[in-house]
Amino acid sequence: MSALHSLASGQSGEQFVYLWGERGCGRSHLLQAAVAAASSRGIIARYIAAGEALPADDSGVRMLAVDDVEKLDVQAQLEFFSLYNALRECEGAVLAAGNVAPARLQLRADLLTRLGWGLVFQVHALSDDDKRVALKRHAAARAFDLRDEIVEYLLRHLKRDLPSLMAVLDALDRHSLETKRPITLPLLRQLLQSESTESGSPTRGT
């Protein structure tokens, strides 16, 4: 998304972006990519998933990405509100994501106001072509080449939401390093078979 890319690269006048969409649409991936891009520029950036502790006000963070804001409890909402204001004062950036538009979130009113201050985008579910591109980019970021046959196998046989597909790629990369074998379709099948055996359940998605 160009707005996030511009913000992460320091080329945007916006400080605040809120993304919303159904689970698996790729909003978490977009937040993580923005944090990674900002970190590569030397900016202290943090991605916070649901249930993780928010950083302290004096942590030096200048870009904060908070995912699944609809799951924030009362204390976390207070902390997020404080961090939002602190980052606004120091011209930092706040990215947030949730499952619905800001007006429909069941959060404290002052935090809802903050979330609606900046740019708000609905993230639609990715097409298969979009997923292919995202998987290739994710592999490149981890410094390995992802063959087309592996991508097609993932899309045909596994859960099709992007977070699940990314998690399989991460596991495949680790398995390749541990076994000192190149990333190939047979290696992927071996990994999935071993995980299926350990869990006692099939790996194929519905």
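This is a predicted model: local features need pLDDT of at least 70, side-chain atom pairs count only at pLDDT 80 or more; totals for chains, interfaces and linings use all residues.
Trainee: Does valine 168 count as buried or exposed?

Mentor: We compare its relative accessibility with the cut-off, and buried means under 20%. Valine 168 has a relative accessibility of 14%, and therefore this residue counts as buried.

Trainee: Which residues does valine 168 touch, not counting residues up to four places away in sequence?

Mentor: One of them is Leu188, which is 20 residues away from valine 168 in sequence, while the two C-alpha atoms are 8.9 Å apart in space. When residues up to four places away in sequence are not counted, the residues that valine 168 touches are Leu154, Leu158, Leu188, Leu191 and Leu192.

Trainee: How are α6 and α7 oriented to each other?

Mentor: Helix α6, residues 148-157, packs with helix α7 at an angle of about 135 degrees, and their axes are 11 Å apart. In passing α7, helix α6 makes a right-handed crossing. Angles over 145 degrees would count as roughly antiparallel and 65 to 115 as roughly perpendicular, and therefore α6 and α7 are oblique to each other.

Trainee: By class, which residues does the contact of α6 with α7 have?

Mentor: From α6 the contact is made by Ile150, Leu154 and Leu155, and from α7 by Leu165, Val168, Leu169 and Leu172. Sorted by class, this contact has no polar and no charged residues, but 7 nonpolar ones.

Trainee: Turning to the open sheet, which are its edge strands?

Mentor: The sheet has 5 strands with parallel pairing, in the order β2-β3-β4-β1-β5, and neighbouring strands are turned by 10 degrees against each other on average, with direction ignored. An edge strand here pairs on one side only, and the strands that do so are β2 (45-48) and β5 (119-122).

Trainee: At about what angle to β4 does helix α3 run?

Mentor: Two helices can be described by the strands they lie across, and helix α2 (residues 27-40) lies across β1, β2, β3 and β4, running at about 160 degrees to β2. Helix α3 (residues 74-89) lies across β1, β3 and β4, and its angle to β4 is about 145 degrees.

Note on methods:
Residues are numbered from 1 along each chain as its sequence is written. Side-chain values use heavy atoms; hydrogens and water are left out. Axes are lines fitted to C-alpha atoms, for helices over the stretch in contact, and angles run from 0 to 180 degrees between N-to-C directions. Helices (H or I, at least four residues) and strands (E, at least two) are DSSP runs, numbered from the N terminus. Angles under 35 degrees count as roughly parallel, over 145 as roughly antiparallel, 65 to 115 as roughly perpendicular and the rest as oblique. A crossing is left-handed if the near helix is turned anticlockwise from the far one by less than a right angle, and right-handed if clockwise. Contact means heavy atoms within 4.5 Å. Ala, Val, Leu, Ile, Met, Phe, Trp, Tyr, Cys and Pro count as nonpolar, Asp, Glu, Lys and Arg as charged, and the others, Gly among them, as polar. Two strands pair if DSSP finds at least two bridges between them. Buried means under 20% relative accessible area, exposed over 50%, partly exposed in between (1.4 Å probe, protein chains only).
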